[in-house]
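Keep the viewer open while you read.

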Amino acid sequence: MLTPKCSRLSLFPCSYPLLCSPLTVSSTGSAIFQRQTLLFARFRRVLPLKLSKCVYSFGYLGVSGRRSGDSMDSFRGHSTNRLVPVSSMEDTQDSDKSAAPPLEDDETSVYNGYRLPPIDIRNIVDAPPTPALSFSPNRDKILFLKRRALPPLSELARPEKKLAGIRIDGNCNTRSRMSFYTGIGIHKLMEDDTLGPEIEVFGFPDGAKINFISWSRDGRHLSFTIRFDLEDNTSSKLSLWVADVETGQARPLFTTSEIYVNAIFDNFVWIDESTLVVCTIPLSRGEPPKKPLIPSGPKIQSNEDKNVVQVRTYQDLLKDEYDADLFDYYATTQLLWVKLDGTTKAIGPPAIYTSINPSPDNKYLIVTSIHRPYSFIVPCGRFPKKVEVWTSDGKFVREICDLPLAENIPIAFNSVRKGMRSINWRSDKPSSLYWAETQDGGDAKVDVSPRDIIYTQSAEPKLGEEPEVLHKLDLRFGGISWGDDSLALVYESWYKTRRTRTWVISPADRGEGARILFDRSSEDVYSDPGSPMLRRTLLGTYVLANIKKQDGSTYLLLNGDGATPEGNVPFLDLLNINTSEKERIWESDKEKYYQSVSALMSDQCDGDLELNKLKILFSKESKTENPQFFLQSWPDQRITQITNFPHPYPQLSNLQKEMIRYKRKDGVQLTATLYLPPGYDAAKDGPLPTLVWSYPGEFKSKDAASQVRGSPNEFAGIGPTSPLLWLVRGFAILSGPTIPIIGEGDEEANDRYVEQLVASAEAAVDEVVRRGVTHPNKIAIGGHSYGAFMTANLLAHAPHLFCCGIARSGAYNRTLTPFGFQNEERTLWETTKTYIEMSPFMLANKIKKPILLVHGEEDNNSGTLTMQARNLIFTGNSERFFNALKGHGSLCRLVLLPYESHGYNSRESIMHLLFETDRWLDKFCVNSPDSTTDPKSCGEMEKAAGEDKFVLVGKGGSSNPEEDSEHDSFYSMPRSSL
């Protein structure tokens, strides 16, 4: 889809943010329990924390990967024989200490406390990350933002307030689990494009946690918040600081220590070179409200008006009036107008302000707030919302809208809130507003033309002045890239058909003469023309970058991924907006390197940009070389390298990577990335145990599903929970094999989910076995979230393919999300068969291959939350699935990670996750039988403990092969290649 690509590198605030053992329950299949069991941790103990090497790994412009000083010995011999047994390790991050002797894998050793994976995995996970980068508005300075790797679990264990769909740290009055930077380094960009010496920002106390770093509009100052850890394992409130960019000297902005930032929603914003508007905790705020011992009455919800209200499954909602009072307490903000010299004044009344948006000319503010009545069935994003225009010094100008509570937004994709939305400033005008309004009541199922209308109006309209229609759309409005009065690009799209269109309009003509520039399928990556790059204006906004040639002709600059059948080849094109003709002026190397444009660096002046003065920032990487950043200048195409980050994991610097292609039996072209350990030789070393890690995707056409995405030359970024970690353990890794679930025409993708899922998996397995790199009986399948859902389904429907599975943070019973899930917009009652057949929970009696279930106890994902009814009974998604498996004698293990959410953050949890995964792979993949089973059994046969009879895997323990005939096609004879 053609969407605007900003030339700046902007800050993406990171949200992460005692210890008790993970809850581990295991069933070996030796007995069958068919009763509901409540699970409790038997052992909990506190481990010492060592924080010297801990860091978060998010930022502005980050480089994936980590660094370790150890090297990996060359790959020799059959990897199965070289795998290190699961060991007990001391809780240390010192990579030079050897592991303790292996623990016996008995029922005691695998249940006690947090465990550590083998040291070769720990060395990669504990290596410090590279810094994030941020460029000044004038492109003359670069920030290197320093960060730590993994936080301790004690930070995640801090109390949280779960209110209105968000999680709040009440001590520092921010969103909980918030990441931070540990330091800021400033480098000047010299005239020869090299970096000057680092200036370290100083003046704040040691141990400060830095957040919300922002440049002033003139690039002379930085603003940021700092907070500290307190002795009682809580955090201090946020104080606002400013730093002089030339000297690095930092100081508190407020002269009093009683003023703290309220960062529940917005935090602060620069409105000119020396003035900020800051969201603060009201000075008059007292202690939090106390929960009454006796409620004022019963909790009542009513639908006596017979309204149709369908909502997806949300978490952390308000439960009662006490929760509503708490939400008011923490979210209420007093806005302060603050000068750099310390002058301060309160503007506006205290309220729950969610965003403050200054106009380009700094004269006005768009102020958005939410208010009562609240809802107990939808999060705060649907609460009543008021949008107003104020002057920049806080005087009320007018109300734009006051939208009511939106509990009844239809669940169909492209359904939106009724009334005005996407209210913003035109970036090409001093103070002109624009917004969109639905004509279908926000219901995507209503067929109407136009569907959306875009309006524009001045900030202070004259008496009787009505909003002007800018453009009308038949699809759903998706945004605008502004140029000037003669040019803007308007985007619209429709999910059901995957259609996306880009319009060229002349704002001065109010839509007259509008024409379509691009009309394509969002799934068709080969036809993606790229995104227009934006340049910074003198007002600090971003508009379409017009590139001027020497003959005076002007062009838009398109930055594209360049998807091709051989992989992505990013590019820069000049586009003639009148003729649609293109000229390629930059393209990535195709043979060895993957290069991608990150930012436009020559946009310091207003007006058109001369082509012969163009300067860009791009990244460059290869299969074995980690990303570095370069500047390239026209007209001589001079290239200067500006970073030299060390390789994050030199022990894998010679890993083998290949993008492979193969076909599904229905003719759909599939791709995957095959990773092999350094030094591996298939002819000498033979086939390897293999871990397949994937995530299904939905498509409307076979052609689009067959297209290649990604590049064979991209660097292998290895995160702390990446399956690529098992390269150091001698595994082959099949990463991201495409599993397209296709629904062409009127057919929905999920109508044939299982059939296409199994066919895709069979094609992937056949390919790696054919290549001779994979042992056919030593293939594990794994995935996270919807990938975990996939994993459980494959073990149920294709047990002949995989020896075991690893499922993290999955949802296994789709009836618990009855109003839609993933990309399924039909309800349970509209397509009951689909919900049932897609739910591996309903097939627990068919899963006989070993499966490891891992889940965060505080999962905040709307489709996978651990406890569906936590206060009533232990009815979590993974818990219920585990009990169902255990009730049918399946070999399974459940690990619940305390304080962890949908993704896992703390070092203790991640290390234990890796330990569990390594143990599972060693026990049930590496040491799975080398020989195939009797093909007459139609699957692997396992002997039930204490019995002489055998049960058929995939047949739910039934001795009658005629039963469950509906799924017989998925339990076919083992492949001939096996």
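This is a predicted model: local features need pLDDT of at least 70, side-chain atom pairs count only at pLDDT 80 or more; totals for chains, interfaces and linings use all residues.

Numbering starts from 1 along each chain as its sequence is written, and side-chain values use heavy atoms, with hydrogens and water left out.

Helices (H or I, at least four residues) and strands (E, at least two) are DSSP runs, numbered from the N terminus.

**An open sheet**
- Four strands make up an open sheet in the order β9-β10-β11-β12, with antiparallel pairing; two strands pair if DSSP finds at least two bridges between them.
- At the edges sit β9 (209-215) and β12 (250-252), each pairing on one side only.
- From one strand to the next, the twist averages 30°; axes here are lines fitted to C-alpha atoms, for helices over the stretch in contact, and angles run from 0 to 180 degrees between N-to-C directions.
- β9 and β10 (residues 221-227) run antiparallel and are joined by five bridges, and Lys209 stands opposite Arg227 in β10.

**The enclosed strand β17**
- Seven of the seven residues of β17 (residues 364-370) are buried, so the strand is largely enclosed by the rest of the structure; buried means under 20% relative accessible area, exposed over 50%, partly exposed in between (1.4 Å probe, protein chains only).
- Both faces are covered, with Tyr364, Ile366, Thr368 and Ile370 buried on one side and Leu365, Val367 and Ser369 on the other.
- On the β16 (residues 344-358) side, six bridges make an antiparallel pair with β17, and Ser355 stands opposite Thr368.
- β16 and β17 form a hairpin with five residues between them, and Asn362 in the turn has a positive phi of about 70°.
- β17 also pairs with β18 (residues 385-391), antiparallel, through seven bridges; here Thr368 stands opposite Val387.

**Nonpolar cores**
- The largest nonpolar core has 63 residues, and Tyr753, Leu794, Phe802, Ile851, Leu853 and Phe881 have the most contacts inside it; such a core is a set of buried Ala, Val, Leu, Ile, Met, Phe, Trp, Tyr and Cys residues joined through side-chain atoms within 4.5 Å.
- Helix α7 (residues 753-770) gives the most to this core, with 10 residues.
- A second, separate core of 41 residues includes Ile718, Ile733, Leu852 and Tyr904.

**Helices**
- Which angle do α7 and α8 (residues 786-797) pack at? It is about 85°, with their axes 10 Å apart.
- α7 and α8 are therefore roughly perpendicular to each other, a label for angles of 65 to 115 degrees, while those under 35 count as roughly parallel, over 145 as roughly antiparallel and the rest as oblique.
- Tyr753 and Leu757 are among the α7 residues that meet α8, where the partners include Phe789 and Leu794.
- Seven of the eight residues of helix α2 (residues 119-126) are buried, so α2 is largely enclosed by the rest of the structure; what covers those buried residues includes α11 (907-926).

**A loop residue**
- Asp192 is found in the loop between β7 (183-188) and β8 (199-200), and is partly exposed, with a relative accessible area of 45%.
- Asp192 and Thr640 are 448 residues apart in sequence and 8.3 Å apart in space, C-alpha to C-alpha.

Note on methods:
Contact means heavy atoms within 4.5 Å.
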